Amino acid sequence: MSNTPPIQGTRPGEAGNAGSRRPQPDSVVLDDDAVRRALLRIAHEIVERNSDLGSLYLVGVPNGGVPLARRVAANLRQLAAQEVLVGVLDTTLYRDDLITRGERPRLRRTEMPSSVDDRCVILVDDVASTGRTIRAAMDALMDFGRPRSVQVAALVDRGHRELPIRIDYVGKNIPTQREDLVRLREGESGALEVLLLRCGEGAPA
Amino acid sequence: MMGRGLLGIENLAREDIELILETAEHMKEVGTRDVKKVPTLRGRTLINLFFEPSTRTRTSFEIAGKRLSADVVNFSPASSSLSKAESILDTAKTLDAMDPDAVVIRHKVAGVPKRIADQLGAPVINAGDGAHEHPTQALLDMLTVLEQKEHVDGLTVTIIGDIAHSRVARSNIHGFRKMGAEVRVAGPPTMIPAEVEALGVKAYGSLREALEGADVVMALRIQQERLADATFPSVREYAATFGLDRAKLRFAKDDAIVMHPGPVNRGVELAADLADHRPSVILDQVRNGVALRMAVLYLLAGRRRTVAEDREK
């Protein structure tokens, strides 16, 4: 395992407070190979469910969603010989917990290369949980135009939904305790892996 | 430090400045969208309290607040009881009772924003107090330099004009020094305070020497009220000696940029054609001002603590 820090920062509900419990060592729940297979399957599903691939627009939510969106776009290029637009959309300014937090989270970059008008947008995130980030991302998206449709892809769905939001493309469902941490880590070579840090009741002794 | 507002650059750490500039870089993107508005400060109230007339800075704060969805209220002396000799502290207490989330203050007397901040639960942002500080101006200047030069560390910045009476100069001296630049000041001897070199800058009586090797040249506005002052040379003499034009700019580096906090007295501190064209970046400064103030408001506004709660801490 490389020593690079996880690229996934703390977002509401998706990487909660570790609490006072002694955290267990990280365990790799998806290694690079598993991530690759999951993203390939997601790309297949996208091709199956979208007849107009030319109108697709993959929008990665930083930080973890960004390399994933690029990989899915590369997969689509191979599978369907289709170039797909890729954007980056930071949701921080749309969060619903900014007032209650003392410290303001650092902003991340937003790069939307084109309007989303009449596009079939697929929001790409690494770890889906409460749905609050997806809610924020949808609000942000609407400020960039009027998409024809919006779908959501996540490498990991860990449950604990707090909003009526459905993930259309799931890489892997990973049951977790609310207090657990799930993180995507990008190694120096670009290898991706998903780490699970058990902090909840089910943490091994 | 940042927690209680932004009163000056002097008490900021380099990390604070870097965080504000990094945040402002991201805020610039919001200004490029069709919908130039994010919901971040929805339901928050920003009070612009300007005891001294200002259109540019007040408007910049107003746009910044509105782009973040805050409700912006402008208070200015002519239209409020401030002209009825209400004391500054009374005003502060009245404001606090209205429960604002941030208060932007400009006053002709140095230290007034600090006095008001001590009475307020909301963070105070100094928009210029006397000859003391104008922190958001210095921060937007640094943001503009960063945009043009990609770094601040190691640059040579020359500030020309009435250093003694300039809050812009003071804030910029603190800011650029903290960010690792070499800062020089130049102007007639009556305009260079004796103690200025204690701030870590070098003072020059000769513009040519001050410009030698400069990456950034900042001309300050000569205030109209100074023109009548006995310490001021004639306008023509000032323009001839310290007014910046293309001929004098040749002493600076080939890729030097020209800055000015505005509004420019054309033909006095800056030649008209230089004010309006590259390498002047004056309009970039104005544009960056909005993003920078959005960053400051994002980082500061919205703390609902009252003074009483604060004291308990």
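The radius of gyration is taken over C-alpha atoms, and the globule rule sets it at 2.2 Å times the number of residues to the power 0.38. For the 313 residues of chain B, that rule gives a radius near 20 Å for a compact globule, and the 19 Å of chain B agrees with it. The structure is a predicted model, in which local features need pLDDT of at least 70 and side-chain atom pairs count only at pLDDT 80 or more, while totals for chains, interfaces and linings use all residues. Residues are numbered from 1 along each chain as its sequence is written, and chains are lettered from A and ligands numbered from 1 in the order in which they are written.

The C-alpha trace of chain B spans about 55 × 45 × 35 Å along its principal axes. Of its 313 residues, 47% count as buried. A residue is buried if 20 or more other C-beta atoms, placed from the backbone, lie within 10 Å of its own, exposed if 12 or fewer do, and partly exposed in between.

Chain B is divided into domain 1 (2-133 + 287-312) and domain 2 (135-282), with bounds that come from an automatic or database domain assignment. The centres of the two domains, taken over C-alpha atoms, are 26 Å apart. Their contact takes 24 residues from domain 1 and 20 residues from domain 2, where two residues are in contact if their C-beta atoms, placed from the backbone, lie within 7 Å. On the domain 1 side, helix H1 (14-30), strand E5 (124-129) and helix H12 (282-300) of chain B each supply at least two residues.

Chain B also holds an open sheet of five strands in the order E8-E7-E6-E9-E10, with parallel pairing; strands pair if DSSP finds at least two bridges between them. Strand E8 (202-204) and E10 of chain B stand at the edges with a single partner strand each, so one side of each has no neighbour in the sheet. Neighbouring strands are turned by 20° against each other on average, direction ignored. Helix H6 (residues 167-178) of chain B packs on this sheet, touching E6, strand E7 (182-186) and E9, and its direction makes about 155° with that of E7(B). Axes are lines fitted to C-alpha atoms, for helices over the stretch in contact, and angles run from 0 to 180 degrees between N-to-C directions.

Within the sheet, E9(B) forms four bridges with strand E6 (residues 156-160) of chain B and three with strand E10 (residues 257-259) of chain B. Val157(B) stands opposite Val216(B), and Thr158(B) has Val217(B) as its bridge partner. Val217(B) is also the bridge partner of Val258(B) in E10(B). In a regular strand the side chains alternate between the two faces of the sheet. Both faces of strand E9 (residues 216-219) of chain B are covered, with Val216(B) and Met218(B) buried on one side and Val217(B) and Ala219(B) buried on the other.

The peptide bond from Gly262(B) to Pro263(B) is cis, with omega near -10°, and Pro263(B) is found in the loop between E10 and helix H11 (272-276) of chain B. Ser69(B), which is not a glycine, has a positive phi of about 70°.
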